[in-house]
Amino acid sequence: MKLAARLHAVQPSVTLAMSARAAELRQSGTDVFAFGVGEPDFEPPDAVLDAAREAIGKGVSKYTAVTGIAPLKAAICDHARRKKGFSPVPEQVTVTVGAKHALFNLAIALFEPGDEVLIPSPFWVSYPEQVRMMGAEPVIVPTREEDGWRMSGAALAAAVTPRTKALILCTPSNPTGAAYTPAELRALLEVVRAGDYWLIADEIYAELSYDGASIRSVAELAPDLLDRTVIVDGGSTTYAMTGWRIGWAISPRPLAKALDTVQGQSTTNPSAIAQHAALAALTGPQEAISRMRDAFQARRDVMVAELNAVPGVRCRVPEGAFYAFADCRGLYGLPWGEKRIASDEDVAFFLLEKAHVAAVPGGAFGAPGYVRFSYATSEERIRAGVASMRQAVAAARG
Ligand SMILES: Cc1ncc(COP(=O)(O)O)c(C=O)c1O
């Protein structure tokens, strides 16, 4: 069987591979601590569930406009005005099957062989793979934990070439949880301003920042760049709607028109029911967001403190999202079966087999030596899971 050449360079998602192994263990009766997952464990707000039921009752069962139903696009514009400090019009909005799909549509519309796409690492796994799928080249710009996992303006400037087609920026970040301050973002935007490429801002975790940190959209900070800026967001994280699959892109009109064409020849439209649910999410009561944020902040504090109490593990305090990104190189050399732990993948598989903790090795995100622990689970589970890690590590140390 011959597959398309474009797939040769593409890696399957390691995040999903880890969840599959964890699912296998679970099926065999093992109580697995699910620190690998990338989704809130909360339920969507009641208004979302009610709106979906109502939509079904009203017979909402047909295709919608390709880029989404008009009231949802209007609500997304209103959300941008309230939360992101800029005023797009509905013609700029493309509602997609999750934010990942918005990014994929953008990749189809923008990237081609010969293009370079700048991606700071550690990065969310799908960014480079989507770029590769289009035959373009991801250019990874490394960041360091000592710098809070933030890319400096100088590092960005050094990576730009005449072939640079776009910069994909994610703040707060998956996997590090790092969030740029407005001043840091301004410094980056200064560099973008001097170039001639697209800025794709993945703001899916914008509502999940802690300690009162001010998360500002690049759209607000650089209105002069809006003719080459795309804002990607969605319902998955903010409203705990991962399975409903609603995301969106807000782009300049000519690009939005291209996205309409791309989507019109692929998915046609996201589920009509889910669009009505997302409309209720955006226009209904918003208290659930701050409740979720407070819970995540408390869980973050527990997760980071507990991880730092595991000998050989070191974890900085992330500013946002729901991931702790821990340096696990201190575990290298521990005996494990026939061999010794020698990589972050070994650490992750050791933790899964010996502590029944599912977490994702940092190599998948371009940061070998680190492991990502999601704290989208209860404080009790976090404490029990990390205690199990401590025991496994102590047993291995002998
Ligand atoms: C950084 C980032 N962007 C986009 C997505 C995709 O979100 P969605 O569920 O809306 O496709 C995720 C989900 O994990 C993510 O972590």
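Two strands count as paired here if DSSP finds at least two bridges between them. Keep that in mind for the sheets below. The model on your screen is predicted.

**Stop 1: the seven-strand sheet**

Select the open sheet of 7 strands. Its order is β2-β8-β7-β6-β5-β3-β4, and the pairing is mixed. Now go to its edges. β2 (93-96) and β4 (137-142) each have a single partner strand, so one side of each is left without a neighbour in the sheet. Look along the sheet next. Neighbouring strands are turned by 20° against each other on average, with direction ignored.

Select residues 247-250, which make up strand β8. β8 and β2 pair in the antiparallel sense, over 4 bridges. To see how they line up, show Val93 and Ile250: Val93 stands opposite Ile250 in β8.

**Stop 2: Leu226**

Stay in this region and select Leu226. Its place is in the loop between α8 (218-221) and β7.

Show what Leu226 touches. Not counting residues up to four places away in sequence, the list is Phe86, Ala219 and Pro252. Then draw a distance to Ile250, the residue opposite Val93. Leu226 and Ile250 are 24 residues apart along the chain, and their C-alpha atoms are separated by 9.9 Å.

**Stop 3**

**Stop 4: the four-strand sheet**

Move to the open sheet of 4 strands. The order is β9-β10-β15-β14, with antiparallel pairing. At the edges are β9 (314-315) and β14 (360-361), and each pairs on one side only.

Now select β15, residues 370-374. On one side, β15 runs antiparallel to β14, and 2 bridges join them. Show two pairs here. Val360 stands opposite Arg372, and Pro361 has Val371 as its bridge partner. Then turn to β10. β10 and β15 also pair in the antiparallel sense, over 5 bridges. Phe325 has Arg372 in β15 as its bridge partner.

Show the side chains of β15. In a regular strand, side chains alternate between the two faces of the sheet. Tyr370, Arg372 and Ser374 point one way from β15, and Val371 and Phe373 point the other way. How many residues of β15 are buried? The count is 5 of its 5 residues, and the strand is mostly covered.

**Stop 5: Cys328**

Select Cys328, in the loop between β10 and β11 (335-336). Cys328 counts as buried, because it has 29 C-beta neighbours inside 10 Å.

List its contacts, leaving aside neighbours within four places in sequence. They are Gly312, Val313, Asp344, Val347, Gly369, Tyr370 and Val371. Tyr370 and Val371 take you back to β15, where they point in opposite ways.

Draw one more distance, from Cys328 to Gln275. The two are 53 residues apart in sequence and 41 Å apart in space, C-alpha to C-alpha.

**Last stop: the whole chain**

Zoom out. The chain has 13 helices and 15 strands. Its C-alpha atoms fill a box of roughly 65 × 55 × 55 Å along the principal axes. A compact globule of 398 residues would have a radius of gyration near 21 Å, and the chain agrees, with 21 Å.

Colour by burial: 48% of the 398 residues count as buried. Residues 24 or more positions apart account for 73% of them.

Methods: Residues numbered from 1 in each chain as written. Predicted model: local features only at pLDDT ≥ 70, side-chain atom pairs only at ≥ 80, totals over all residues. Rg over C-alpha atoms; globule rule 2.2 N^0.38 Å. Buried ≥ 20, exposed ≤ 12 C-beta atoms within 10 Å, placed from the backbone. Contact = placed C-beta atoms within 7 Å. Axes fitted to C-alpha atoms, helices over the stretch in contact; angles between N-to-C directions.
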